[in-house]
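Visitor: I've got a model to go through with you. Can you show it, and start with the terms?

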Amino acid sequence: MESSLPDLEAILLVGGQGTRLRPLTLGTPKPLLPTAGVPFLAHQLARARSFGVRRIVFATSYKASMFEPAFGDGAAFGLSLEYITEETPLGTGGAIRNAAEALTSGPDDPVLILNGDILSGHDIEHQVRMHCAQQAAVTLHLTEVDDPTRFGCVPTDENGRVTAFLEKTPNPVTNRINAGCYVFTRSVIDSIPKDQVVSVERETFPGLIASGQLVLGYADRTYWLDVGTPAAFVQGSRDLVLGRLQSPALPGPTGEYLALDGARISPEAKVQGGTAVGARAVVEAGATVAGSVLSDDCVIESGASVTDSVVGKGARVCAGTVVRDAVIGDRAVVGAGNELQNGVRIWPGIELPERAMRYSSDV
Ligand code: GDD
Ligand code: MG
């Protein structure tokens, strides 16, 4: 998938707090959460690289100092990486404007902007070419979802011109939404006010449309997922392990599960459905794990069943416990015989006594 685009620069928005993913994001920012065996962003970086992106400026804020140790100068990805930190969060537009100080592109060049929590199979090269061919101010990748109220709703006319941008509206006029990948003409970024909190979704896009500038939609129906909730995060990891979305960053072959170095899975355990098993994690005999993310050094004891869940670093799920659609924080211990389901989250280090009670929101 090597591209013939001229070298492209990108800004990656990674400053959000990842509130909906707590407690996973208490210690690790969302873009660095291990997903199919590698930090989430590794998948986005590798895909961007494959479409001709060569230089990426990270717009950081929450837990800013954790990004550079994870990706360094980017050489391992064939990329050149730069890290820019906001002293206080500037919102999506303010972050783009702030990070643009580190761009080398000229005023007429296209610049790619990526939300840092998206898995997408779309053709970035095609999006950039369309932007350049039509000399748009901004070209938004659009996708379709069942519930547009949680996203930016983006109606277009018959030529693909965006006619409105309605962020998280309770009354969406279309199922077509902003998929969180933009091509901006560089000079348009420079027109965003400096050192101010600005939302591209609530201010910049509506403003450009109102002033008659050309905002285009690039709509497609390829794989797309925002991993901002625990259920979506687990789904993203699962889809990558199963190969539903190809990622050059996947640290092993696709299949029912992916196990990192030092993981010990008993031959009498069942691990399936796109589960990722972290380094040195242990799955004992008779345990069943399906469609889940097991973090490094966690232990799933014999007879436990873990489905569609995240088990944090060093956590322990004791014998016979049932965990479904739940998040177990780092180093937490779920005593034998408990049943955790329906979005339950256990905070890091918490110890649930053996069979103490049912922790389920449906009881
Ligand atoms: N640097 C920086 N500073 N980054 C930020 C800030 C900030 O103040 N605020 C948010 N971000 C980053 C987040 O880290 C994330 O990568 C991206 O901006 C989008 O923020 P989310 O918090 O994930 O927004 P959302 O998912 O509710 O909505 C956005 O994405 C949807 C698609 O997934 C919007 O762009 C919607 O319009 C869109 O449909
Ligand atoms: Mg998001």
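Guide: A polar contact is a pair of N or O atoms within 3.5 Å; within protein, one must be able to donate a hydrogen and the other to accept it, and residues adjacent in sequence count only if both atoms are side-chain atoms. Helices (H or I, at least four residues) and strands (E, at least two) are DSSP runs, numbered from the N terminus.

Visitor: And the ground rules?

Guide: This is a predicted model, where local features need pLDDT of at least 70, side-chain atom pairs count only at pLDDT 80 or more, and totals for chains, interfaces and linings use all residues. Residues are numbered from 1 along each chain as its sequence is written, chains are lettered from A and ligands numbered from 1 in the order in which they are written, and side-chain values use heavy atoms, with hydrogens and water left out.

Visitor: OK, helix H5. What sits at its start?

Guide: Asp123. One of its side-chain oxygens comes within 3.1 Å of the backbone nitrogen of Glu125, at the start of H5.

Visitor: Which residues of H5 are buried?

Guide: H5 spans residues 124–134, and Ile124, Glu125, Gln127, Val128, Met130 and His131 are buried there. Buried means under 20% relative accessible area, exposed over 50%, partly exposed in between (1.4 Å probe, protein chains only).

Visitor: What covers them?

Guide: The cover includes helix H2 and several strands, among them E1 (8–13), E6 (110–115) and E8 (138–144). Strands E11 (176–185) and E12 (215–219) are also included.

Visitor: What follows H5?

Guide: Gln135, with a positive phi near 50°. Gln135 is in the loop between H5 and E8.

Visitor: Is Gln135 buried or exposed?

Guide: Gln135 counts as exposed, because its relative accessibility is 70%.

Visitor: Which other non-glycine residue has a positive phi?

Guide: Arg280 has one, near 60°. Its loop runs between strand E17 (275–277) and strand E18 (282–283). Arg280 is partly exposed, because its relative accessibility is 45%.

Visitor: Back to H2. What does Gln44 do there?

Guide: Gln44 lies in H2 (residues 40–50). At 10% relative accessibility, Gln44 is buried. Leaving out residues up to four places away in sequence, Gln44 touches Leu12, Asn115, Gly116, Asp117 and Ile118. Contact means heavy atoms within 4.5 Å.

Visitor: New topic. How are the domains laid out?

Guide: Domain 1 covers 8–226 and domain 2 covers 256–352. Such bounds come from an automatic or database domain assignment. Their centres, taken over C-alpha atoms, are 33 Å apart. Ten residues of domain 1 and twelve of domain 2 make the contact.

Visitor: How much area do they bury?

Guide: About 770 Å² between them, 70% of it on carbon and sulfur atoms. Buried area is the accessible area (1.4 Å probe) that two parts lose on being put together, summed over both. On the domain 1 side, Pro23, Leu24 and Gly37 supply 53% of the area buried against domain 2, more than any other three residues.

Visitor: How many residue pairs are in polar contact there?

Guide: Two between domain 1 and domain 2, both at pLDDT 80 or more.

Visitor: What does Pro348 touch?

Guide: Pro23, Leu26, Gly329, Asp330 and Arg331, not counting residues up to four places away in sequence. Pro348 sits in the loop between strand E29 (345–346) and strand E30 (351–352). Pro348 is partly exposed, with a relative accessible area of 28%.
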